[in-house]
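We'll go stop by stop, and at each one I'll tell you what to pick.

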Amino acid sequence: MAGGVAAAVQHNFKSYPSVSLLSSSQSTFCGTKFITSIQYKRKVCQPKGALTVMASSSKKILIMGGTRFIGIFLSRLLVEEGHQVTLFTRGKAPVTQPLPGEADEAYNAFKSKILHLKGDRKDYDFVRTSLAAEGFDVVYDINGREAEEVEPIIDALPNLEQYIYCSSAGVYLKSDLLPHREVDAVDPKSRHKGKLETEALLESKGVNYTSIRPVYIYGPLNYNPVEEWFFHRLKAGRPIPIPNSGLQVTQLGHVKDLAKAFIKILGNEKASKQVYNIAGDRYVTFDGLARACAKAGGFPEPEIIHYNPKEFDFGKKKAFPFRDQHFFASVEKAKEELGIVPEYGLVEGLTDSYNLDFGRGTFRKEADFSTDDIILGKSLVLS
């Protein structure tokens, strides 16, 4: 966006005719069926990670995205609370899919309550037309990357009560002082600069917004190779190549904890025009993460190989799924102001992910050990 992070962009939009929504039950589902048993009914006492929250006043809610990972868990919670939930997607993927272990009856009940608005969020005329006609109360923006994608949504919904945005802790400027806090300097040149510009736009427009900055998200159905990268190597009985010392400190947050944090923000006046880091409240080294993944999947202690990335040319391939640096953020603000406390410890969360996903033979990306072989080949020669 021209003018940098602080720029405010203004356009005038007119009213448009109504657009009808389709129930997701009218869409074809071609997803994977999971068979592990999990409870989803409301109870006074819930086991850790159970997807149930206290009900609040019903809202007409739009989720931009919502068919993958975060949105799958978030939409369940919103429907359980009695909200009317519409997913805005391009329609290229199934609108809904079962949660791992979800019974057919529970899934079909959820599916029948989800509405679908098919379109491309970069088709700004359609966005303005369809959203202005529907008049949503709350928007959860899960997949917004650029401010120009958000502005038509805001201007189409003049009576919007709340805009809840999924940003990223990747916006922070690299620093010697850690953990990153919400008041820390940000990097306008980061690959997440579009999210920074979106936060600036929401502020300049006077929108009642909350921006969430996760670190690394993990859990069942994760489409990013976070824990899956380690699980592939552990299952194959291969050494785990980790750059440099392996003592780099990082941080993960479970997707179910993140979904509950999104719910906690809904209608919360304390969260108005605020930014919050959301992740687990403990940090871990790269080597420690490899060992935690082994413990979660019931594998033996892994063999870890350290290497210097500067000695290799991997081309366009990524040899390791994390930033090769210390990267973690404080979640104290969310704890103190909103009472958001992560339920999952790291090994417990990785075990949940393994048991409900990779351990059942489901994963997003096939194993690729080509960069490992380059590293290990040189390591053998040196040894």
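Which residue with a positive phi follows H1? Select Gly82: its phi is positive, near 95 degrees, and it comes after H1. Keep in mind throughout that this is a predicted model.

**The whole chain**

Zoom out for a moment. The chain has eleven helices and 14 strands. Of its 383 residues, 54% count as buried. Its accessible surface comes to about 17900 Å², and carbon and sulfur atoms account for 50% of that. If you look at contacts between residues at least 6 apart in sequence, 83% of them join residues at least 24 apart.

Now select residues 70-80, which is helix H1. Ten of its eleven residues are buried, so H1 is largely enclosed by the rest of the structure. Show side chains for the buried ones: Ile70, Gly71, Ile72, Phe73, Leu74, Ser75, Arg76, Leu77, Leu78 and Val79. Arg76 and Ser75 are on that list too.

Step back to Phe69, in the loop between strand S2 (60-64) and H1. Phi of Phe69 is near 45 degrees, a positive value in a residue other than glycine. Most residues other than glycine have a negative phi. Is Phe69 buried or exposed? Phe69 counts as buried, at 3% relative accessibility.

**Leu87 in strand S3**

Next, pick Leu87, which lies in strand S3 (residues 84-89). Leu87 is buried, with a relative accessible area of 1%. Leaving aside neighbours within four places in sequence, Leu87 is in contact with Ile63, Gly65, Gly66, Thr67, Val95, Ile114, Leu115, His116 and Leu117.

**H3 against H4**

Select residues 124-134 (H3) and 147-156 (H4). Their axes come within 8 Å and cross at roughly 30 degrees. H3 and H4 are therefore roughly parallel to each other, and their crossing is right-handed. To see the contact, show Tyr124, Val127, Arg128, Leu131 and Ala132 in H3, then Glu148, Glu149, Pro152, Ile153 and Ala156 in H4. By class, these are seven nonpolar, no polar and three charged residues. As for the spacing along such a surface, an α-helix has 3.6 residues a turn, so residues three or four places apart point the same way.

**A cis peptide bond**

Go to Pro179, in the loop between strand S6 (162-166) and helix H5 (193-204). What kind of peptide bond joins Leu178 and Pro179? It is a cis peptide bond, with omega at about 0 degrees. Most peptide bonds are trans.

**H6 crossing H8**

Select residues 227-235 (H6) and 286-297 (H8). These two pack at an angle of about 65 degrees, with their axes 10 Å apart. H6 and H8 are therefore roughly perpendicular to each other. The contact is made by Glu227, Phe230, Phe231 and Leu234 of H6, and by Leu289, Ala290, Cys293 and Ala294 of H8. Seven of these residues are nonpolar, none is polar and one is charged. The crossing of H6 and H8 is right-handed.

**H7 and what comes after**

Helix H7 covers residues 255-265, and ten of its eleven residues are buried. Those are Val255, Lys256, Asp257, Leu258, Ala259, Lys260, Ala261, Phe262, Ile263 and Ile265. Just after H7, Gly267 takes a positive phi of about 70 degrees.

Keep going to Lys273, in the loop between H7 and strand S12 (274-278). Phi of Lys273 is near 55 degrees, a positive value in a residue other than glycine. Lys273 is partly exposed, with a relative accessible area of 37%.

**Last stop: H10**

Finish by selecting residues 346-356, helix H10. Which residues of H10 are buried? They are Gly349, Leu350, Asp352, Ser353, Tyr354 and Leu356.

Key. Residues numbered from 1 in each chain as written. Predicted model: local features only at pLDDT ≥ 70, side-chain atom pairs only at ≥ 80, totals over all residues. Heavy atoms only, no water. Axes fitted to C-alpha atoms, helices over the stretch in contact; angles between N-to-C directions. Helix = DSSP H or I, 4+ residues; strand = E, 2+ residues; numbered from the N terminus. Parallel < 35°, antiparallel > 145°, perpendicular 65-115°, else oblique. Left-handed = near helix turned anticlockwise from the far one by under 90°. Contact = heavy atoms within 4.5 Å. Nonpolar A, V, L, I, M, F, W, Y, C, P; charged D, E, K, R; others polar. Buried < 20%, exposed > 50% of the residue type's maximum accessible area, 1.4 Å probe, protein only. Areas by Shrake-Rupley, 256 points an atom, 1.4 Å probe, with all protein chains shown as cover.
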